[in-house]
Amino acid sequence: MERVGRSYGRGARSVHALRELDTTVYARSLTAVMGPSGSGKSTFLQCAAGLDRPTAGVVRLAGREISRMGERKLTRLRRERIGFVFQSFNLLPTLTAEQNVLLPLRLAGRRRDTAAARRMLARVGLEGRAQARPGELSGGQQQRVAIARALITDPAVVFADEPTGSLDQDTATEVLGLLREAVSAHGATVVVVTHDPAVAARADRVLRLADGRLVQDTAGATPVCA
Ligand SMILES: Nc1ncnc2c1ncn2[C@@H]1O[C@H](COP(=O)(O)OP(=O)(O)OP(=O)(O)O)[C@@H](O)[C@H]1O
Ligand SMILES: [Mg+2]
């Protein structure tokens, strides 16, 4: 991201959610984004992920400028190259766990690889629950399905906005462990917005926002390999 700004409204009443933000997220690392409520974390994530458009500056993903990309191209890029995990899980309630995991492949017009979906569900500790619907799963299990769904396309980046925000501490630790493992064991790239210092402690790098600005950029407990 280069000098990225995002403001809402005009004139004296405008809100600057992001201001002149410059940063690069490194591949195969876990980056935590922290900061007080309203500091611009979700706005940062959405601009980085191509879900929102900055009002200034440039966003590049895997070498391509996405900040000015046409909507159709951008939608395709998001489907094929980006994974999302939300605080509220966002699973489709009428689909089984396996069907939810297969959804990104379906949307991208790719082969319905049920074996891959099963493997991914096993990886997140849900072997045997492939046929369960979200309503039959606990919050932690639903978030595991969401993580399996985010990883199934082998995306360039997984973006997660407070993925452990609705979970109790033990479940949150397990879910975070899955994201950590996706990076350490499978080479994924993960950016996670969090209020939880325990999450940040297991990140390779912590970006801190305040009032829409990047105010701190520190290496986490786990060093990033070059
Ligand atoms: N659609 C919108 N219209 C107007 N202002 C907005 C809009 N979305 C966000 N903002 C403002 O932009 C600023 C940053 O919001 P953002 O949601 O990015 O914060 P956050 O750091 O994610 O906060 P939280 O920790 O509470 O989720 C806030 O002042 C917010 O009120
Ligand atoms: Mg937010």
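Biologist: Is Val192 buried or exposed, and why does the label apply?

Modeller: The general idea is a cut-off: a residue counts as buried when its relative accessible area is under 20%. Keep in mind that this is a predicted model. Here Val192 has 2% relative accessibility, so Val192 counts as buried. You will find Val192 in strand S9, which covers residues 190–193.

Biologist: Which residues does Val192 contact, leaving aside its neighbours within four places in sequence?

Modeller: Its contacts are Leu30, Thr31, Ala32, Val33, Ala160, Pro163 and Val199. Take Thr31: 161 residues separate Thr31 from Val192 along the chain, yet their C-alpha atoms are 6.2 Å apart.

Biologist: In what order do the strands of the open sheet run?

Modeller: Read them by their pairing partners. Six strands make up this open sheet, in the order S7-S8-S9-S3-S10-S11, and the pairing is mixed. At the edges are S7 (82–86) and S11 (213–219), each of which pairs on one side only. On average, neighbouring strands of the sheet are turned by 15° against each other, direction ignored.

Biologist: In which sense do S8 and S9 pair?

Modeller: S8, residues 157–161, pairs with S9 in the parallel sense, over four bridges. For one bridge, look at Val158, whose partner in S9 is Val190.

Biologist: Which strands does helix H2 touch?

Modeller: Helix H2 (residues 71–81) packs on the sheet and touches S7 and S8, with its direction at about 75° to that of S7. Helix H5 (residues 139–151) also lies across S7 and S8, running at about 170° to S7.

Biologist: Where does Gln142 lie, and what does its side chain reach?

Modeller: Gln142 is in helix H5. Its relative accessible area is 16%, so Gln142 is buried. The side chain of Gln142 reaches the backbone oxygen of Pro134 at 3.3 Å. Not counting residues up to four places away in sequence, Gln142 touches Phe89, Leu91, Pro134 and Leu137.

Biologist: How many residues surround ligand 1?

Modeller: There are 13, and the closest are Ser37, Gly38, Lys41, Ser42 and Thr43. Helix H1 (41–48) and strand S2 (15–21) each supply at least two residues of this shell, and H1 gives the most, with three.

Biologist: Which atoms of Gly38 and Thr43 lie by an oxygen atom of ligand 1?

Modeller: For Gly38, a backbone N or O atom lies 2.8 Å from a ligand oxygen. For Thr43, a polar side-chain atom lies 2.5 Å from an oxygen atom of the ligand. Tyr8 has a polar side-chain atom 3.4 Å from a nitrogen atom of ligand 1. Of the 640 Å² of accessible area that ligand 1 has on its own, the protein covers 59%.

Conventions:
Residues are numbered from 1 along each chain as its sequence is written. Chains are lettered from A and ligands numbered from 1 in the order in which they are written. This is a predicted model: local features need pLDDT of at least 70, side-chain atom pairs count only at pLDDT 80 or more; totals for chains, interfaces and linings use all residues. Side-chain values use heavy atoms; hydrogens and water are left out. Buried means under 20% relative accessible area, exposed over 50%, partly exposed in between (1.4 Å probe, protein chains only). Contact means heavy atoms within 4.5 Å. Two strands pair if DSSP finds at least two bridges between them. Axes are lines fitted to C-alpha atoms, for helices over the stretch in contact, and angles run from 0 to 180 degrees between N-to-C directions. A polar contact is a pair of N or O atoms within 3.5 Å; within protein, one must be able to donate a hydrogen and the other to accept it, and residues adjacent in sequence count only if both atoms are side-chain atoms. A residue is near a molecule or strand if one of its heavy atoms lies within 4 Å of it. Accessible areas come from the Shrake-Rupley method with a 1.4 Å probe; for residues, only the protein chains shown count as cover.
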